[in-house]
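These are my notes from a first look through one model. I went entry by entry and wrote down what I looked up.

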Amino acid sequence: MPRTALRICPLCEATCGLTLTIEGTAVTGARGDRDDVFSRGFICPKGAAFGALDADPDRLRTPLVRRDGRLQEATWEEAYEAIAAAVPALVQEYGAQSVGVVLGNPNVHTMAGALYPPLLLKALGTRNLFTASTLDQMPKHVSSGLLFGDPFAIPVPDLDRTDFLLLLGANPVESNGSLCTAPDFPGRLKALRARGGTLVVVDPRRTRTAKLADRHLAPRPGSDALLLAALAHTLLAEKLAAPGTLEEQTDGLGELAEALGSFTPEAVAPACDLTAAEIRDLARELAAAPTAAVYGRIGSCTVEYGTLASWLVDVLNILTGNLDRPGGVLFPLPAAGPRPRPAGPGKGFTLGRWRSRVSGHPEAKAELPIAALAEEIETPGEGRIRALIAIAANPVLSAPDGRRLDAALAGLDFMVSIDPYLNETSRHAHVVLPPPPPSQSAHHDFAFNGFAIRNQARYTRPAVPLEAGRLDECEIHARLVLAVSGMYGSAAPRAVDDMVIQGALAKETADPRSPLHGQDPARLAGLLTGESGPERRLDLMLRLGPYGDRFGAGSAPDAGASAGTGEGLSLERLLAHPHGIDLGPLRPRLPRVLRTRSGRIELLPDPITAELPRLRAALADRPAALVLVGRRHLRSNNSWLHNVPALTGGSNRCTLQVHPQDAGRLGLTTGGLARITADGGSLEVPVEVTDAVRTGVVSLPHGWGHDRDGTRLSVASAAPGANVNQLLDGSRLDPLSGTAVLNGFPVELTPLP
């Protein structure tokens, strides 16, 4: 008889609750969980295809070890023994910096990806960390770090209460949201308009999100920072700025008008390809709205001035008094996050604490630009990366100049990949460790709850028992930590989790501000519940978090943030609420969020003021005749869902979208081929003529290019598409964040027979 089980969907940032139908050990259906406290039954095509992804016959089921130049099936012991023999020896001979770590986007969609990479990096001692953040969101981390002192203090739009929402470079109807965890984003946008609110979308494409808007502005790609600067200038020049109580908590407000003095609507309009009147009208509407939220995402991040654009988003939220205000943008308070500390000065946020070996790129948030990975592998000398550990990462497709990186990976002394597929990157590994399918894994969203538009806590245990011969994903990671640290065989995987628990409790009981001060860490550890090390760690984080039961030692220190059933949170409490626990709407949290050295919002930090002259110079730039932008599709997610038949085909195709005027001028037709050329080379792509893109802009989706030998992606390789990132050579970066410029770069088009 079929049965049902609950599972939080791990396929995008919306984190919807699912009800799975299971026959035997197979997931035969998935629908939205109507009782889920957060998603309320919403589901998208990705969630509906959960069973097909789970049962993909191309998923690896046993480890692979390279022998005689070929990847062959091996036992788990053989795989870890190979790692334990190779990695510590390389570190011993060449030093800790000879090992690099790459973390891909799917890491943040799993418990293992949140809990273990920090331990891996500590065990290795390397500073060579590269992640998907420098292909996506790092500008927002950097701007938040500079403004608030904490790169993870990212305010999110209060979608359900705002009166005015300005979206830039975001297409949440198809992406389901990003750095803004909101199930049923489309429904929330429709509800905004239904209650009399206003939606304005700024995007060079007429996306599905733009079609919902009251107004759609289509500026020239890459001009987001200029447009935002002109909006801020207008608010200040017309005395429309009304920061309210934020003025008492903010440094730099008085100097902002001079810093942005050059960015008048008239000066900015030609570069944006908008009129000065359109810019002024938007600024006045934003100021007049009872509440408003400005939200920018990947289209405003992966451009030349991505950090400045991200900073200006919050400058506007501050100038209008909408930062930390219901209906504006607010800071979430996740249940498994650290307990809030008292307001006061913090350590602040610093860029460039170290630099990459070859090109001297500054670190940001302890990460180096992933665009620099190839040169760090292929350039001889002390500190060259000789070994690489790639976790849920496919940078051959997702990073600039995949051909160069492809060749560099082939020259590594040793590579480990944790990946369910033999893809364009993992095919180079010496050891591949395949995690089990999602149905066989537990789930709690450590990362995305930090960006959720409503505070809540949910946890689902595996819906299907772990298949014989497989390892739990958390155990795969724990064993890897032991293997690289030279402890494999001398300690059980559970020891890794026990070490973390002991360290956290020792720190907590030594803190005079904690209600647990002076208590016995060993006794407290014995009170933790859970069937595994990861569950015990989750229990600990919930108990010590802002809503936790503190082992009965006292109420949550941030009592104002506790809400109803959330008080006294623990794993046991969470398991008793299988559809989750609602912790209430977001609430104002300033000044306790701030970690700046001044303990205040630092509106004009030095790195920002040093970057503004470069933005001023852009006012005189002559725009390229044709530039490229990427695009999202609801049934796709970067490079890792192209092997599921239910999510392919239809409009989810790798085509080059071209406006009819540009197509006519260049002699292009729908269905024909074109050669597109940029810094990194050329591609041949099928053309789709459409007025969904503005003139002077072409669009090619990200994550395609499944045409390399040695992969096991039968569906994806049958319709490989073209890798848009091959058009880039990695030289175009946002200098403050190291983020690759994936949007708004110049291209040339030539029709092909």
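Entry 1: I needed a cut-off before reading any accessibility value: a residue counts as buried under 20% relative accessible area, and as exposed over 50%. The model I am reading is predicted. I started with threonine 209, which sits in helix α9, residues 208-211. Its relative accessible area is 0%, so threonine 209 is buried. I then listed what threonine 209 touches, leaving out residues up to four places away in sequence: Leu167, Ala170, Asn171, Pro172, Val173, Leu189, Leu199 and Val201. With one of these, asparagine 171, threonine 209 also makes a polar contact, side chain to side chain, at 2.6 Å.

**Entry 2: arginine 188.** Is arginine 188 buried or exposed? Its relative accessibility is 15%, so arginine 188 counts as buried, the limit being 20%. Arginine 188 belongs to helix α8, residues 185-194. Its side chain reaches the backbone oxygen of proline 183 at 2.7 Å. Beyond four places in sequence, I found arginine 188 touching Phe38, Leu159, Asp160, Ala182, Pro183 and Ile453.

**Entry 3: alanine 225.** I looked up alanine 225 in helix α10, residues 224-237. Alanine 225 has a relative accessible area of 2% and is buried. With residues up to four places away in sequence not counted, alanine 225 touches Tyr305, Leu308, Ala309, Leu312 and Leu615. From alanine 225 to glycine 113 I noted 33 Å, C-alpha to C-alpha, and 112 residues in sequence.

**Entry 4: a hairpin.** I went to strands β4 (residues 64-67) and β5 (residues 70-73), which run antiparallel and are joined by 4 bridges. Arginine 66 has leucine 71 in β5 as its bridge partner. The hairpin has 2 residues between the strands, and in it aspartate 68 takes a positive phi near 55 degrees.

**Entry 5: backbone exceptions.** For background, I noted that most residues other than glycine have a negative phi, and that most peptide bonds are trans. Which phi did I find at threonine 15? The value is positive, near 55 degrees. Threonine 15 is in the loop between β1 (3-8) and β2 (17-23), and at 1% relative accessible area it is buried. Phenylalanine 551 also has a positive phi, near 55 degrees. I placed phenylalanine 551 in the loop between α22 (533-544) and α23 (571-575). Its relative accessible area is 15%, so phenylalanine 551 is buried. As for the peptide bonds, the one from leucine 590 to proline 591 is cis, with omega near 5 degrees. Proline 591 lies in the loop between β19 (581-585) and β20 (601-602).

**Entry 6: a sheet of 7 strands.** I traced an open sheet with mixed pairing, in the order β28-β21-β25-β22-β24-β23-β29. Glutamine 657 stands opposite serine 699 in β25.

**Entry 7: the second largest pocket.** I recorded a volume of about 440 Å³ for this pocket. Of its 22 lining residues, Pro221, Gly222, Glu304, Asp621 and Gly744 are the closest to its centre. Two elements give two or more residues to the lining: α12 (265-272) and β28. I sorted the lining by class and got 13 nonpolar, 4 polar and 5 charged residues.

**Entry 8: cavities.** How many cavities of 30 Å³ or more are there? The count is 4. The largest cavity holds about 120 Å³ of space. It has 16 lining residues, with Lys140, Pro155, Tyr295, Gly296 and Val313 nearest its centre. The elements that give two or more residues to this lining are β8 (156-157), β13 (293-296) and α15 (306-319). Helix α15 gives the most, with 4 residues. By class, the lining of the largest cavity has 9 nonpolar, 4 polar and 3 charged residues.

Definitions and conventions:
Residues numbered from 1 in each chain as written. Predicted model: local features only at pLDDT ≥ 70, side-chain atom pairs only at ≥ 80, totals over all residues. Heavy atoms only, no water. Pairing = 2+ DSSP bridges. 1 Å grid on protein atoms, 1.4 Å probe; cavity = no way out; pocket = protein on both sides within 12 Å on 5 of 7 lines; lining within 4 Å. Points joined across faces, edges and corners; volume = space filled by probe spheres on them. Nonpolar A, V, L, I, M, F, W, Y, C, P; charged D, E, K, R; others polar. Buried < 20%, exposed > 50% of the residue type's maximum accessible area, 1.4 Å probe, protein only. Polar contact = N/O pair within 3.5 Å; in protein donor to acceptor, adjacent residues only side chain to side chain. Contact = heavy atoms within 4.5 Å.
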